[in-house]
Structure formats: C-alpha cells, structure tokens
Amino acid sequence: MRAVVTGGAGFVGSHLSERLLSRGDDVLCVDNLSTGHAKNIASLLDHAGFHFVRQDVSVGLEITGRVDVVCHLASPASPRDYLRLPVETLLVGSYGTRNALELARRHDAAFLLTSTSEVYGDPRVHPQPESYWGNVNPVGVRSVYDEAKRFSEAMTMAYRRTHGVRTTIVRIFNAYGPRMGDDGRAVPTFVTQALAGLPLTVTGDGSQTRSLCYVDDLVTGLVLALKAGVSGPVNLGNPEEVTVRRLALAIREICGSSSPLTYVPRPPDDPQQRRPDISAARRDLGWAPRTPLTDGLARTVSWFRNTLANTP
Ligand code: NAD
C-alpha cells in the first residue's frame, strides 16, 4: 500500500508513518513543518519506503504515482498552536481537507480524516457518543479549530455522498506520548515543569477532567479504522477519566519531583469534562486502548528526559 500522510511530521503523524512502514507500506509524508518537526521523522528518512515533501496542503496537493490511501492529519492541534495560527487552521481544515479529498478521489484511494473530540465543544452530554452534535461556540477563540474540524467532517461526508470516495472519520480524544511538542497541552507542560523542578501550573481548580490515550493505542485504532473502512465518525480515546489535578500529581510522582502545584486561570471555553463513549470503536473496529495511564506516562517522561538531556 502507498499511503500519503499529511501532517506526517507531527506527533501523531510520525507514529502513524512509523507503524505503516513497519508493516511494509510506503509512506509519502506531506508537511509544511508549521507545528511539526523534521526531527520527528529523522529516523524514518533512511527507510527506502519513506519520502518527505515539504508542502502546505492548503495550497495544493499534487502527487504523482500510485496512491492507495490518504491519511489527512495536517492541522495545528494544540490550543497554543491553533490560537497562534487561527487563519492557517481554518484554511487547512477547509482548503487542505478539500485538496486531500480531491487527491483521494483522483486516485480512487481510501481517505482517513483525523477529526477531534473538540467537535463536541463543551459537551452537555457525558460521556460523548458519536450521535451527540456538540456544544460549540462558533465565534469563540477556539472556534478556529472546532469549526474547521466540523467543516472537515462535512466536506468529507459530501465527497463520500457526491463522489463515492471511501472515507473514514475518526474523532480523536486527547492523545499523549513521545514526540509531543511542549505546546501548552497538560501532559508536556507538567512533564517539562516537573523535570525542571518548576511549579506545575494547574488550570482552574484542577477538577476538570481529560481522557488520555497513549499514542501507540491511538495508532492501532487508526490502522484498524482504515482496515475496517467504516464511514464513522468513530471516537478513538480512552474512557478512563482523570482530573487535571490528579494528572499533575501522577506526573510529578513519575518524574520523582517535589515541585509544588500552582493554580492559574482556565483558558476561555476550556471544556469541563471530556470522555469518549467508545462503544462504536469496540463494536466496529474491535478496538480499545490497552496502555494503563501510569505506563504511558512513564514512557513519555522517559522520552522527555532523554530529549531534554540531548538538547543543547
Ligand atoms: P501536530 O501539530 O503535532 O501535527 C500536525 C502536523 O500537521 C504538523 O506536523 C504540522 O506541521 C502539519 N501541518 C499543519 N498545517 C499544515 C499545512 N497547511 N500543510 C501541511 N502540513 C501542515 O498535531 P498532532 O497532535 O499530531 O495532531 C495530528 C492530527 O490529529 C490533527 O489533525 C489533529 O487535529 C488531530 N487530533 C490530535 C489530537 C491529539 O491529542 N494529539 C486530538 C484530537 C485530534
């Protein structure tokens, strides 16, 4: 199989590329490195089946040769990144998604969209099933991401209905693991603070919850979703809910740190609760996350420790 992975130099995209290569597929990674990093794919560049093209997929996506599947991951994903790149985020969700769908249509390839739990906004239904339509503020600061992804989903369904493209939509809930950027998300923030002996900045009173899925489990879900070819949307996330405060304490312990916790204001429209209903993923993909939070955090801390030690 020859896969085009947009956003392949990012956190999730680099792990997906690695997994596809390890099972014998060829990967063409298309990325403009706006939030991703060349170092994420440095170890893949020697692989005969891996190619990298630096390109903005919002501008165009002309690929020669065979394409069997288009995995469309390109998009800023962390609040810090999409608030820094608001227009670019809307463009990659709209033009970028259209270009990726056109590529799939022209090559009669399957198409995978990595949507997000953010389409549920600050949810009024808990846990969130795919049938819930969400509670998104369309003019709030986070709307650049939430609405871009909602548009991406609508565009994907239009290509499916109008052009018969074999599309799959997955909605990813917070993932974590090695190669996460220190981009303001809770896990990298707490890990880098704890390793540096700095106070851990918990937002609000820390009682808000997140559901964290280890990246290897997520990538297994993506590969199974491609194999099953389901239309979706399908939630991929870990239904085990953890408060932000408990997460900070767990990371502090794994880091062997004695940093204090400090409390800072929560960002606007920050969701109070996030937890996926993964009944559809269990039923349609035979998928559920397997990595316990403490194991995944230990691997993540170890990666950050090594990376920080090797950063001049
Ligand atoms: P990331 O920022 O690490 O990776 C995104 C990649 O897309 C980066 O390499 C970036 O350079 C690239 N990119 C952005 N705009 C581009 C453009 N116009 N042209 C080409 N490349 C572009 O983020 P991630 O965490 O790896 O997220 C990957 C995908 O998964 C995103 O679509 C995101 O919305 C989705 N997702 C991730 C999470 C999560 O917890 N990580 C949760 C929900 C959804």
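## Surroundings of D81

In this predicted model, D81 makes contacts with T35, P76 and D183 once its neighbours within four places in sequence are set aside. The residue belongs to helix 3, which spans residues 79–84. D81 has a relative accessible area of 11%; because the cut-off for a buried residue is under 20%, D81 is classed as buried.

T35, one of the contacts of D81, is also listed among the residues closest to the ligand.

## The ligand and its shell

The ligand is surrounded by 30 residues, the closest being D31, T35, L73, Y145 and A175. By residue class, the shell around the ligand consists of 13 nonpolar, 13 polar and 4 charged residues.

Which atoms of the protein lie at 3.5 Å or less from an oxygen atom of the ligand? For F11, a backbone N or O atom lies 2.9 Å from a ligand oxygen atom. For T114, a polar side-chain atom is placed 3.2 Å from an oxygen atom of the ligand. For L33, the atom is again a backbone N or O, at 3.5 Å from a ligand oxygen. On its own the ligand has 820 Å² of accessible area, and the protein covers 96% of it. Two or more residues of the shell are given by each of helix 1 (11–22), strand 5 (110–116) and helix 5 (143–163). Strand 5 supplies the largest share, with 3 residues.

## Backbone features

Most residues other than glycine have a negative phi, and most peptide bonds are trans. Against that background, several sites in the chain deserve attention.

L33, whose backbone lies 3.5 Å from a ligand oxygen atom, has a positive phi near 60° although it is not a glycine. L33 is located in the loop between strand 2 (26–31) and helix 2 (38–41). D108 likewise has a positive phi, near 50°, in a residue other than glycine. The position of D108 is in the loop between helix 4 (86–107) and strand 5. With a relative accessibility of 59%, D108 counts as exposed, because the cut-off for that class is over 50%.

Two cis peptide bonds may be noted. H126 and P127 are joined by one, with omega at about -10°, and P127 is in the loop between strand 5 and helix 5. G232 and P233 are joined by another, with omega at about 5°; P233 lies in the loop between helix 7 (215–228) and strand 11 (234–236).

## Helix 6 and its cover

How many of the 10 residues of helix 6 are buried? The count is 8, and the helix, residues 186–195, is mostly covered. The buried residues are V187, P188, T189, F190, V191, T192, Q193 and A194.

The cover over these buried residues includes strand 7 (175–176), strand 8 (200–203), helix 8 (244–255) and helix 10 (293–309). After helix 6 comes G197, which has a positive phi near 70°.

## V67 in a loop

Is V67 buried or exposed? V67 has a relative accessible area of 3% and is buried, although its place is in a loop, between strand 3 (50–54) and strand 4 (69–72).

Apart from residues up to four places away in sequence, V67 touches R2, V4, H107 and A109. V67 and Y159 are separated by 92 residues in sequence and by 17 Å in space, from C-alpha to C-alpha.

## The chain as a whole

The protein chain contains 10 helices and 13 strands. Its radius of gyration is 19 Å, close to the 20 Å given by the globule rule for 312 residues, so the chain is as compact as a globular protein of that length. Along the principal axes, the C-alpha atoms fill a box of roughly 55 × 45 × 35 Å.

Of the 312 residues in the chain, 54% are buried. Among contacts between residues at least 6 apart in sequence, 79% connect residues at least 24 apart. The accessible surface of the chain amounts to about 13,400 Å², and carbon and sulfur atoms account for 52% of it.

Methods
Residues are numbered from 1 along each chain as its sequence is written. This is a predicted model: local features need pLDDT of at least 70, side-chain atom pairs count only at pLDDT 80 or more; totals for chains, interfaces and linings use all residues. Side-chain values use heavy atoms; hydrogens and water are left out. A residue is near a molecule or strand if one of its heavy atoms lies within 4 Å of it. A polar contact is a pair of N or O atoms within 3.5 Å; within protein, one must be able to donate a hydrogen and the other to accept it, and residues adjacent in sequence count only if both atoms are side-chain atoms. Accessible areas come from the Shrake-Rupley method with a 1.4 Å probe; for residues, only the protein chains shown count as cover. Helices (H or I, at least four residues) and strands (E, at least two) are DSSP runs, numbered from the N terminus. Ala, Val, Leu, Ile, Met, Phe, Trp, Tyr, Cys and Pro count as nonpolar, Asp, Glu, Lys and Arg as charged, and the others, Gly among them, as polar. Buried means under 20% relative accessible area, exposed over 50%, partly exposed in between (1.4 Å probe, protein chains only). Contact means heavy atoms within 4.5 Å. The radius of gyration is taken over C-alpha atoms; the globule rule is 2.2 Å times the number of residues to the power 0.38.
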